[in-house]
Amino acid sequence: MKLNCDMGEAFGTWAMGLDDQIMPFVDQANVACGFHASDPLTMAKTVALAKQHGVTIGAHPAYPDLVGFGRRNMDIAPAELKALIQYQIGALKGICDSQNTQIDYVKPHGALYNTMMADFSVLDTVMQAVSELDATLILMVMAVPEAPEIKKMAKKYGLSVWFEAFSDRLYTDEGRLMPRKEPNAVHASFDLIEQQVTQLCEHGTLTTASGKTLAIHADTICVHGDGAHAVDAVTRIRTLIDRLNDPHHKGRVK
């Protein structure tokens with residue numbers, strides 16, 4: 001099991017995450033590409049930081065919504081959406097090329113991510129955008145019960161996928177994230193986060209808001225690098241993941 005985190009979510013003098021402190025503890029950095037956060041210099045600094053710590057770099061494209069941090073849905077035609085995604089990936093690729101490193105995957109952000117997981121026609125557009133640009137890029141999507149269908153869609157475009165679960169988010173019975181506006185949508189205590197991460201790693205399941213046990217396969221777990229206790233939470237999750245990944249750990253998912 002890998003750990004991924006959204007990075008480079010700054011703009012000018014405004015900064016959101018604690019990238020310098022979080023980067024050493026994650027495996028994959030989802031680098032914002034300028035549409036929901038970030039700017040060219042921030043992207044360059046984030047790529048350099050990821051390279052310094054040997055962290056895999058992913059593009060984190062979003063709807064063009066700086067004010068709403070990419071969390072507001074937008075009705076965008078497929079052709080325009082493809083262009084928006086390719087524009088953002090291309091920008092990050094240029095910065096990576098200049099630093100002799102590379103993008104390995106793409107993880108859409110915020111409302112775009114949630115929309116593509118609710119409407120597979122949007123997911124299809126995202127897959128087209130990535131495959132047309134570089135079919136060797138891996139697409140990171142939410143770990144959901146419809147994983148076989150998503151793999152079949154990706155195969156059509158010659159893409160590989162990584163399935164992602166969230167350490168600190170409450171899930172609906174359909175295997176989607178509870179909207180942030182709902183009570184308890186984000187786990188407030190580390191005990192709940194630890195319980196969810198352990199359940200995902202050891203049993204390949206999670207417990208939904210109604211108490212239902214949902215079977216999902218996850219390749220990577222998302223942690224968040226912002227907030228007063230972010231560094232403590234991420235370091236504790238890193239320690240927990242390392243223990244659960246230990247081949248000698250009893251209960252480890254084979």
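Start by selecting arginine 236 and phenylalanine 190: the arginine lies over the face of the phenylalanine ring, 3.8 Å from the ring centre. Bear in mind as you click around that this is a predicted model.

Next, pick lysine 107 and tyrosine 113. Here again you'll find a charged residue over a ring, with lysine 107 over the face of tyrosine 113 at 5.7 Å from the ring centre.

The model has four aromatic pairs. Select phenylalanine 35 and tyrosine 87 to see one of them: the ring centres are 5.7 Å apart and the planes sit at 45°, so this pair is called tilted. Trace the chain between them, and you'll see that the pair links distant parts, 52 residues apart: phenylalanine 35 is in the loop between strand 4 and helix 2, and tyrosine 87 is in helix 3.

Tyrosine 113 is buried, with a relative accessible area of 3%, and phenylalanine 166 counts as buried at 6%.

Time for some backbone. Click on serine 38, in the loop between strand 4 (28–32) and helix 2 (40–52). Its phi is near 85°, a positive value in a residue other than glycine. Serine 38 counts as buried, at 1% relative accessibility. Then jump to phenylalanine 69, in the loop between strand 5 (56–60) and helix 3 (78–98). Phenylalanine 69 has a positive phi too, near 55°, and is buried with a relative accessible area of 11%.

Last stop: show helix 5 (residues 120–134) and helix 6 (residues 147–156). At what angle do they pack? The angle is about 35°, with the axes 10 Å apart, and the crossing is right-handed. To see who touches whom, select Phe120, Leu123, Asp124 and Met127 in helix 5, which meet Glu149, Ile150, Met153, Ala154 and Lys156 in helix 6. Colour that contact by class and you'll get six nonpolar, no polar and three charged residues.

Methods
Residues numbered from 1 in each chain as written. Predicted model: local features only at pLDDT ≥ 70, side-chain atom pairs only at ≥ 80, totals over all residues. Heavy atoms only, no water. Axes fitted to C-alpha atoms, helices over the stretch in contact; angles between N-to-C directions. Helix = DSSP H or I, 4+ residues; strand = E, 2+ residues; numbered from the N terminus. Left-handed = near helix turned anticlockwise from the far one by under 90°. Contact = heavy atoms within 4.5 Å. Nonpolar A, V, L, I, M, F, W, Y, C, P; charged D, E, K, R; others polar. Buried < 20%, exposed > 50% of the residue type's maximum accessible area, 1.4 Å probe, protein only. Phe/Tyr/Trp six-rings, centres within 6.5 Å; stacked < 30°, edge-to-face > 60°. Lys NZ or Arg CZ within 6 Å of the ring centre and 35° of its normal.
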